[in-house]
Amino acid sequence: MEYSEKYVQILNDFAEAWNTLDSEKLLQHLDESFVYDSQWVFASLDYEGYKQYLRGKFENFRNKGIVIKADLVNDPVFGGGMIRLIQNGQTILYRIKEKNGKVIKGDMCMF
């Protein structure tokens with residue numbers, strides 16, 4: 001499957017954001033209609049809620065010295081690419097949906 005240059009850039013920026021804990025690198029790509037769901041967060045977050053959540057999460061990781069290793073992998077379930085996050089040997093997957101060059105949906109899951 002071939003991906004648009006913009007989609008690949010977004011995926012790379014998401015991975016870099018997690019590797020460097022630079023939330024702005026990721027947040028710049030979100031559409032104002034963005035919705036985030038996670039198996040660890042018990043309610044969907046909208047654009048504003050996610051910005052606040054992610055900034056706090058990354059700050060907490062930096063303060064505690066937590067290191068995340070992020071890279072890109074193919075999504076065998078839905079097609080496209082996704083970000084694989086590894087922390088202390090645990091793997092988490094972050095799928096995104098892009099529309100018109102902006103990310104409209106993010107899903108964090110174990111599979």
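1. A residue is called buried here when its relative accessible area is under 20%. Tyr-36 has 2% relative accessibility, so Tyr-36 counts as buried. Please keep in mind that this is a predicted model.

2. How many aromatic pairs are there by the ring-centre rule? The count comes to seven aromatic pairs. One of them joins Phe-34 and Tyr-50, with 5.0 Å from centre to centre and 50° between the planes, a tilted arrangement. Phe-34 belongs to strand β1 (residues 30-38) and Tyr-50 to helix α3 (residues 47-64), so this pair ties together parts that are 16 residues apart in sequence.

3. Are the two partners of that pair buried or exposed? Phe-34 counts as buried because its relative accessibility is 1%, and Tyr-50 counts as buried because its value is 0%.

4. Tyr-50 also forms a tilted pair with Tyr-36, at 4.5 Å centre to centre and with 35° between the planes. Tyr-36 lies in strand β1 while Tyr-50 sits in helix α3, so here the pair ties together parts that are 14 residues apart in sequence. For your own checks, a pair of aromatic rings is described by the distance of the centres and the angle of the planes.

5. Which residues do ring pairs link into a cluster? The cluster holds Phe-14, Phe-34, Tyr-36, Tyr-50, Tyr-53 and Tyr-94.

6. The C-alpha atoms of Glu-48 and Phe-34 are separated by 8.9 Å, and the two residues are 14 apart along the chain.

7. Now to the surface. Trp-40, Met-110 and Phe-111 make up a nonpolar patch there, and together they have about 360 Å² of accessible area. Phe-111 is found in the segment that comes after β6 (102-109). Why does Phe-111 count as exposed? Its relative accessibility is 60%, and the cut-off for exposed is over 50%, so Phe-111 falls in that class.

Definitions and conventions:
Residues numbered from 1 in each chain as written. Predicted model: local features only at pLDDT ≥ 70, side-chain atom pairs only at ≥ 80, totals over all residues. Heavy atoms only, no water. Phe/Tyr/Trp six-rings, centres within 6.5 Å; stacked < 30°, edge-to-face > 60°. Helix = DSSP H or I, 4+ residues; strand = E, 2+ residues; numbered from the N terminus. Buried < 20%, exposed > 50% of the residue type's maximum accessible area, 1.4 Å probe, protein only. Patch = residues over 30% accessible without salt bridge, like charges linked within 9 Å, V, L, I, M, F, W, Y side chains within 5 Å. Areas by Shrake-Rupley, 256 points an atom, 1.4 Å probe, with all protein chains shown as cover. Salt bridge = Lys/Arg side-chain N within 4 Å of Asp/Glu carboxyl O.
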